[in-house]
Amino acid sequence: MNIINDPLALQRTCLNWRSEGLVVGLVPTMGYFHAGHLSLMDYARSRADRLVVSLFVNPTQFGPNEDLSRYPRDPERDAALAREHGVDLLFTPEPGVMYAPDHATWVEVPTLARGLCAASRPVHFRGVATVVSKLFLLTLPGFAVFGEKDFQQLALIRRMVRDLNFPLEVVGRPIVREADGLALSSRNVNLTPEERRAAPAIRQGLLAAADWVRGGVRTSGELTTRLRAFYAERLPMSRLDYAEIVDPDSMEPLAEIPGRALLAVALHMSRARLIDNILLGD
Ligand code: AMP
């Protein structure tokens, strides 16, 4: 496995691969790998001639009061895991080489960056869309793989790729969970032991909501009222950031649950903000 931190060296390597007709698979990450990241790598490995993983805690997607400084990092362990999972090239740039001091160009997808995570993280998706665009142009992948845990991010990247004609396929992969149902996240290490014990209730609330829908609940208002009560009882140490029902492609809020709908939640714990989601209906 080759570890590169220079963007132009990465681009040169990937241009060569592409000109040889090799298909590059790209998995963008912020590191501190867990089984969710590794599942994306394994999928990409099975399809790609060359597998590129980026490990970059992108400062532009963090707001001023967010957890950039305490985002967990372990580059050596990450490199060992990447090697074990067949990664050909690990890209580990420093922020200074990704963003010149006078960096001035941003990619925005405003209609998909309105509700849900964008409401409390106003600059987040501009940072995501911009860094993912840069990674696409640096690696020229045939396909890029993202997790459905970050469902709004996935929908936004799909739209960006369609709108800007990036020549690649965006692949979404299912959420990998702990045995107790908690969605894996690098941020789970920031939970207190008490929060960690209670955290599976996030998923249990989503499963209960799916049951309520099967039992005939049809309005988003009733569903979210029930879910708020569920979390207030089961996760009293948390603060609900949002529980919203949206169209899974457009991220537009849905008042009713006619067919396919996405229920997405975010909760603040003392030192971590956790997200999860479930598809409802058909
Ligand atoms: P991150 O390092 O948190 O930016 O995540 C990198 C990629 O891994 C993103 O596409 C995430 O959606 C994906 N990912 C994070 N957690 C999980 C998970 N539990 N299951 C599947 N994919 C995940």
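Predicted model: local features only at pLDDT ≥ 70, side-chain atom pairs only at ≥ 80, totals over all residues.
Where the two domains are in contact, domain 1 contributes 24 residues and domain 2 contributes 20 residues.

## The Area Between the Domains

The size of an interface is often given as the accessible area lost when the parts come together. For domain 1 and domain 2, the buried area is about 1,800 Å². Carbon and sulfur atoms give 53% of this area.

Which residues of domain 1 lose the most area to domain 2? They are Arg70, Leu116 and Phe151, which together account for 36% of what the domain 1 side buries.

## Polar and Charged Links Between the Domains

Side chains of opposite charge can pair when their charged atoms come close. Two salt bridges are counted between domain 1 and domain 2. A salt bridge is also formed by Glu252 and Arg114, whose closest N and O atoms are 3.1 Å apart.

On the side of domain 1 that touches domain 2, the elements giving two or more residues are helix 5 (117-120) and helix 7 (151-164). Helix 7 provides the largest share of this side, namely four residues. By residue type, the side of domain 1 that touches domain 2 consists of nine nonpolar, seven polar and eight charged residues.

## Aromatic Pairs

A pair of aromatic rings is described by the distance of the centres and the angle of the planes. The structure holds seven aromatic pairs. One of these is the pair of Phe136 and Phe166, which is edge-to-face, with 5.4 Å from centre to centre and 70° between the planes. This pair links distant parts of the chain, 30 residues apart. Phe136 belongs to helix 6 (residues 124-139), whereas Phe166 lies in the loop between helix 7 and strand 6 (169-173).

## Salt Bridges in the Whole Structure

How many salt bridges does the structure hold? The count is 12. Among them is the salt bridge of Arg47 with Glu169, in which the closest N and O atoms are 2.8 Å apart. Arg47 is located in helix 2 (residues 35-47) and Glu169 in strand 6. The pair therefore joins distant parts of the chain, 122 residues apart.

Notes: Residues numbered from 1 in each chain as written. Heavy atoms only, no water. Contact = heavy atoms within 4.5 Å. Buried area = accessible area lost by both parts, 1.4 Å probe. Salt bridge = Lys/Arg side-chain N within 4 Å of Asp/Glu carboxyl O. Nonpolar A, V, L, I, M, F, W, Y, C, P; charged D, E, K, R; others polar. Phe/Tyr/Trp six-rings, centres within 6.5 Å; stacked < 30°, edge-to-face > 60°.
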